[in-house]
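Here is a friendly walk through one assembly, chain by chain and contact by contact. Please keep the viewer open as you read.

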Amino acid sequence: MTIGHLPALQVVIPLLAAPVCFLLGRWPRLAWLLASAVAWTTLVIAIGLWLQVREGGTISYAFGGWAPPWGIEYAVDRLNVLVLLIVSGIAAVIFSGSWESVRQEIPESRQALLFTNLLLCLAGLLGITITGDAFNLFVLLEISSLSTYALISLGRDRRALTASFQYLIMGTIGATFILIGVGILYMLTGTLNMADLAHRLGGLQGSRAMHTAYGFLVIGIGLKLAMFPLHLWLPNAYAYAPSVVSAFIAATATKVAVYVMVRYLYTVFGPEFAFSAMYVQWLFIPVGIIAVLFTSIVALFQHDIKRMLAYSSVAQIGYMLVGIGLVNVTGLTGALLHVFNHALMKGALFLALAAICFRIGNPRIENIRGIARQMPWTMAAFVGGGLSLIGVPLTAGFISKWYLILAAVERGWWPVVAVVVIASLIAVIYVWRVVEAAYLHPRPEDAETVAEAPPALLAVTWALVLANVWFGVNPGLVTSLASGAAEALFGGYLP
Amino acid sequence: MLCMTALVVVYVRHLFSVVMLFGIYSLLSALIFVVLDAADVAFTEAAVGAGVSTVFMLATLVSTGRQEKAPAHSPLLPLAVVTVTGAALIWGTLDMPHFGDPGNPVHVHVADRYIQESPDEIGIPNMVTSVLASYRGYDTMGEVIVIFTALVGVLSLLGVRERRENPVHRTGERHSRPYPVLQVMALLLIPFILVFALYVQFHGDFGPGGGFQAGVIFAAAIILYTLTFGLDDATALLPVKLICMLAAAGVLLYGGTGVVSMLLGGNYLDYDVLAHDPVHGQHYGILVIELGVGITVSTVMIAIFLALVSRAERPR
Amino acid sequence: MGFSLFNYWVVILLMMAGFYTVIASGNLVKKIVGLNIFQTSVFIMYISIGKVFGGSVPILAANTDLYSNPLPHVLILTAIVVGVATTSLALSLAIRIREAYGTVEENDILEISRREDDEE
Amino acid sequence: MVLAITIGALLAIMLLALARALAGPKVYDRILAMNMFGTKTVLLIAVYGIFTDSPSLVDLSIFYALINFIGVIAVLKFIERVEEYDEVVER
Amino acid sequence: MIVDIISTALFMIGCLLGLTGAWGLLSFPDFYTRVHAASITDTLCAACFVSGLMLQTGWSLVTVKLLMVLLLLWLTSPASSHALVRAAHHAGLRAMTWSFLGDRS
């Protein structure tokens, strides 16, 4: 019986744990334990779903017992089970290691609220991923966004407030654009279920209203996933949020938005409309390339390591867009793999930063000089994450970049290959700046001596670093999932 | 009129006026909803737009100041963005289905089932309530969670003080003049409002209304009380802790209904299994979840209002 | 033909007025008001999708069998609630910003932040 | 016919009130106009509801009357508080 | 039939009163006179409309609800006018004086 309910439980458990967590306001430690337990449960459920999908294909769950399209449907296929796995996995790891850092950065009265928000955010992200209903997606998107705004504003610096406000305005505009797009689609078809939408939109090719809906959806989702010119909210939001929160949202939020983009392009509109009629690749390729190059260069000039990583995130999203824009199975596989791997490496890097913040407060390059001698494990973890970010062989980052390059070669687009290589070189430079400061410079005389980060935080950081290596050495598991999903998404379409 | 109001909102700089005009704008759009046959939506829009949002904005203005500065940068770029977006939309409307035509795809695909079958499947006359609570009950649960998230967010940003720490600083008391007429009026009205809230809560099956609207009306009564008697009296009446607990309880009530239906062998939020007869089950289910919605919405609105006001009362 | 789309155009005009206020206004509270206007106009769009000429309020009644479409109403009920949730969060952020910076004008805040960035 | 005239007249009143609300000049004028606008909305909805045979709209008008009252009180209270602050600041 | 005529007459009176009030609101010279115009007509105007409607519906639950609307308007509208004038007075908004009127004429 329980097996059949897994899709619902995946989201409902964190949703209902949130008010319980809220009631635990007096006992933040209990709230933390609850949040971690729930996150691990969602991971177990996601694994369960994955096993089911691997055996039986798409799973559908009808809420309230009303068959779609009349009721709300949850649909799990290979594409979203991949995202479910990474989101719940990252959440489980980060939540369990977060206690020390949260206790230090957040006043005691707000700690339980922070965990409640984290749970709500997790539930929202999982829900966005799993839902098969266009409007339900909007509702869950708002749950995750609202909790993200609150999480960011909990940062210690007052600039966290303005960052959060800016994100709120841009995020809400994005959500409203999505709402307009969904409204027009609904107007044209009379349904909100994604599969049904796809089916009915098939007969409407070339309708202007459909083009408009498409435009609004792409821009709306683009705002959410920080597509290049719309990325302005991201660096500040990541830089000033509490460290644990930065780690969580950097590893998950934009990935889920990329998933939503893929879902709309391929499942709802269909690759034929998206690529042959609307030529979205001519938007994504240039935007992606500019994002990769430009923001990598901006990252070079940042003094705040958190900001540097935030800009690098925008660049990584550029890779994913390029992967989607290449319009072939390998490219999409690369993009999906990069979603997975980028979550792993950014999670590892931001957790390592959280450990550094825990000891020295402000993670600026000048402040971490010579820190490697005092926090060797933390810095080693940072280097591990950094190698994966660069895309050194035997790390996860290499695999996805390799697929992207393969896809570009398949299409014969050599400039794209060049861009990927150049951007990786730039990544070498900015990661090196941190490494140089931490390892090669002596610790300044007046700086206080710091100890190694607390073991729990270190353990989860290393868990993610090792995951990076493991998925770099044994890519088969994820690769087969991603390429299976990509093939299914393309169906019979050939550009 | 709607356009005029909206355009003036763009120009007026005195923020109190902007907010009041927004209230009017909201009332007007609620009127349009009435004309477009959406009684439930009109109810909610009036409650939220003209009521709660406006009051929240006013409470905020007290602490943020009321005059807007002249914009420093040129309005050309935003104007261009807006024009392009608007043009895209108008271009898109040109081959949209015609307004009000009963043959439009929206009316013949999914919705017809709700209209044809819901009286038999759910057994209540108000189709909006049937769709809201049963067919798309999970969306409504999401909505309750959104409201709850807002509460968590506002609390983590502002917090609500139970009592003023230092009675000397009670500027409100020193300056504000008691309003005997208003206080009497409020005492007359509040019981009436509460009864009306209950009526709306349980009448939602038959007419416009339901948990959300009732929750807002209930909150309106408390807001009126706070406005006329002051924050301290209000928190003495309804301690913030109690409010927060009730808010969480409302969410759990809703979610718990789903869990119960799951344990009884149905899918999540499938009310058919709650009683022997599916129609009865639907009745019970809708009753309980509307109650959950009502509790959460009213308590969250009250808590947010108290949070905003408690900041406003602090002397700068 | 022209008239049958008239109300969409009105909605679009409203939407753009709200949208303009959001992106052009420098005052945070006014931005929030603009956001609300923007969203409300989207609500009107949805509701007008659901209107049927000659239909009545979708509450079962004896004297009619043509009802307007209840589904958009439900969606908009949800969206209104989402809107008020966003508004209240945005307002409390504005209050906090005012307390931290002493102003809710975007330009002044940018100025202060820039100075802070330079100092670091 | 009666319906058309009545609704027309109510809309005209609302328009006049709106004009006052837009013109100002003082905040209090706007509040007054807003109040009048609200009461006329209440009547309009009641009239519309009765004439189109959907009595459920009368509930709505009761509610509007309440909201209108609370809105006016809220504006007044908060404006008063702001002026108090101004007084404090001036001293 | 007679009921119809009476209710129509009531509506017309209501319209007339309402329009007078609104016209006054728009054209009177200062705040206090405007309050006067608005609030005086408001009460009777609402009464006319609602009693006209009550005649139309006949005796049912709706009549009671309409009565509630009327009572509510009668309670709240003077109260808010009162509060409004009071607040304006306290805020130092001066009433128009005779000399000012003289200047105008």
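Domain bounds here come from an automatic or database domain assignment. By that assignment, chain B is divided into domain 1 (1-68) and domain 2 (128-316).

A word on what you are looking at: this is a predicted model, in which local features need pLDDT of at least 70, side-chain atom pairs count only at pLDDT 80 or more, and totals for chains, interfaces and linings use all residues. Residues are numbered from 1 along each chain as its sequence is written, while chains are lettered from A and ligands numbered from 1 in the order in which they are written.

**Chain A on its own**

Chain A has 19 helices and two strands; helices (H or I, at least four residues) and strands (E, at least two) are DSSP runs, numbered from the N terminus. Its C-alpha trace spans about 70 × 55 × 40 Å along the principal axes. Of the 495 residues in chain A, 69% are buried, a term that requires 20 or more other C-beta atoms, placed from the backbone, within 10 Å of the residue's own.

**Where the chains meet**

Two residues are in contact if their C-beta atoms, placed from the backbone, lie within 7 Å. On that basis, 50 residues of chain A are in contact with 48 residues of chain B. Helix H6 (134-153) is one of the elements on the chain A side, and H6(A) gives the largest share, 11 residues. By class, that side divides into 30 nonpolar, 17 polar and three charged residues. Here Ala, Val, Leu, Ile, Met, Phe, Trp, Tyr, Cys and Pro count as nonpolar, Asp, Glu, Lys and Arg as charged, and the others, Gly among them, as polar.

Seven pairs of chains touch, and the most contacts are between chains B and C. Which pairs have no contact? Chain A and chain E are one such pair, and chain C and chain E are another.

| Pair without contact | Distance between closest C-alpha atoms |
|---|---|
| Chain A and chain E | 34 Å |
| Chain C and chain E | 16 Å |

Within chain B, 14 residues of domain 1 are in contact with 16 residues of domain 2. The domain 1 side has nine nonpolar, four polar and one charged residues.

**Two loop residues with positive phi**

Val327(A) has a positive phi of about 50° although it is not a glycine. Val327(A) sits in the loop between helix H13 (305-325) and helix H14 (329-360) of chain A, and is buried, with 23 other C-beta atoms within 10 Å.

In chain B, Asp37(B) is also not a glycine, yet its phi is positive, near 70°. Asp37(B) lies in the loop between helix H2 (15-35) and helix H3 (39-64) of chain B. Asp37(B) counts as buried because it has 24 C-beta neighbours inside 10 Å.

Terms used. Buried ≥ 20, exposed ≤ 12 C-beta atoms within 10 Å, placed from the backbone.
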